[in-house]
Amino acid sequence: MTIALGTPGLAAADEASDSSQDATYYISLGDSLPSGYQPDVDKDTDSAYTDQLYAQLKQRTPGLKHIRLGCTAETTESLINGGKCDYPNAKSQLDAALKAMAQHRGKVAYVTLTVGANDILLNCVSPVGALDGACLNSRSQSMAKNLAQIAGALHQAGGKNTQFVGSTYHNPFLGAWAQGPAGQQAAKESAPLLKAANAGITQVYKSTGFKVADVATAFSSDDFTTQVNLPGVGEVPANVAKICQLTWACTKKDPHPNAEGHKVIAGVFAAQLAKSDAPGPGASPTPSEPATPETDTDGDSDEAKGANDPKTNGGLAATGGSSSTPLIAGAGAAVLALGAAAVYVARRRRVGEES
């Protein structure tokens with residue numbers, strides 16, 4: 001049974017299910033990575049790392065339910081205050097998560113979070129790809145402050161056995177490598193800067209009681225030494241090959257992970273969650289075990305859902321992909337300009353444009 005978050009009648013049924021099946025919960029939060037946005041179909045999908053991770057967790061934790069809250073284009077500020085996606089009976093994604101944790105107190109087994117990439121790109125990049133350095137510095141500081149508030153609030157709301165994991169980001173600017181010397185230079189310059197940004201994110205998570213899923217390392221983000229053959233391109237550094245194989249950066253100049261990339265990210269999260277036992281029945285997940293994500297079972301098509309409508313058990317939280325056109329800050333000169341700044345490219349929208 002798929003249960004809408006925040007609906008009183010269904011919540012009562014959910015509570016009854018808790019007592020009869022000893023249900024536990026996995027809550028996923030964040031931006032377009034947790035929501036599974038894919039540029040080839042221009043909408044959120046059920047191939048997100050959160051869906052793949054849930055499938056693995058459910059194999060080892062009977063009765064586990066997934067409260068899927070990710071919102072494409074979410075920033076740390078909007079995750080706290082709202083404004084990007086709608087959540088029934090909640091003002092924001094963070095509010096929705098905290099209310100779910102209060103409703104299922106003591107039964108929330110896992111909380112995952114990926115957010116922060118959009119803070120800079122939705123504010124500090126001009127239409128031609130120029131980056132405002134003062135804005136970048138200011139937004140980086142506010143992002144860290146907001147992330148600490150988010151992670152701290154979630155950790156405080158959890159139970160003694162709740163496991164919390166936040167992630168770093170991969171480096172999509174490595175996709176500029178194939179553009180020639182200028183692109184290769186931009187790719188090289190992006191690596192230490194993104195590494196520093198991820199170090200800051202890691203510090204915030206660890207200071208608030210979160211484990212860290214090191215996505216950057218899983219994507220070999222700093223490995224310019226190992227050379228591998230990339231079909232259609234030739235010999236390239238290992239980090240470039242992985243970014244081309246695991247994301248859309250080299251094909252659509254879009255930074256989002258493809259299905260295989262999401263699988264890798266799910267494995268990194270699973271490895272962190274496997275380090276200690278999960279609450280409730282069953283053991284922790286084994287990252288290498290294959291699993292198929294559960295799909296939405298409420299009978300509604302993704303296109304028909306319109307505004308964000310979070311569901312348990314992996315129902316998609318549609319975020320308006322059918323009513324707005326994404327602008328990918330990553331084509332041409334923008335890749336080089338943003339690569340030098342080492343900030344993660346995010347999906348941008350034309351406000352008010354109808355499909």
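For the term I used a set of buried Ala, Val, Leu, Ile, Met, Phe, Trp, Tyr and Cys residues joined through side-chain atoms within 4.5 Å, where buried stands for under 20% relative accessible area, exposed for over 50%, and partly exposed for what lies in between (1.4 Å probe, protein chains only).

I kept in mind that this is a predicted model, in which local features need pLDDT of at least 70 and side-chain atom pairs count only at pLDDT 80 or more, while totals for chains, interfaces and linings use all residues. Residues are numbered from 1 along each chain as its sequence is written, and side-chain values use heavy atoms, with hydrogens and water left out.

I then looked up Ile27, taking contact as heavy atoms within 4.5 Å. Leaving aside neighbours within four places in sequence, Ile27 is in contact with Ile67, Leu69, Ala97, Ala100, Met101, Val108, Tyr110, Val111 and Thr112.

For the chain as a whole I noted 13 helices and 11 strands, these being DSSP runs numbered from the N terminus (helices H or I, at least four residues; strands E, at least two). Of the 355 residues in the protein chain, 54% are buried. Among contacts between residues at least 6 apart in sequence, 71% join residues at least 24 apart.

Next I turned to salt bridges (a side-chain nitrogen of Lys or Arg within 4 Å of a carboxyl oxygen of Asp or Glu), of which the structure holds 2. One of them joins the side chains of Arg68 and Asp51, at 2.7 Å from N to O. This pair links distant parts of the chain, with Arg68 in strand β4 (residues 64–68) and Asp51 in helix α3 (residues 49–60), 17 residues apart. Arg68 is buried at a relative accessible area of 0%, and Asp51 also counts as buried, at 1%.

Lys99 forms a salt bridge with Asp95, their closest N and O atoms being 3.5 Å apart. Both lie in helix α5 (residues 93–103), and because they are 4 residues apart there, about one helical turn separates them. Lys99 is partly exposed at 44% relative accessible area, whereas Asp95 is buried at 18%.

Last, I checked Thr75, which sits in the loop between β4 and α4 (76–81) and counts as buried at 9% relative accessibility. Leaving aside neighbours within four places in sequence, Thr75 is in contact with Val115, Asn118, Asp119 and Leu122.
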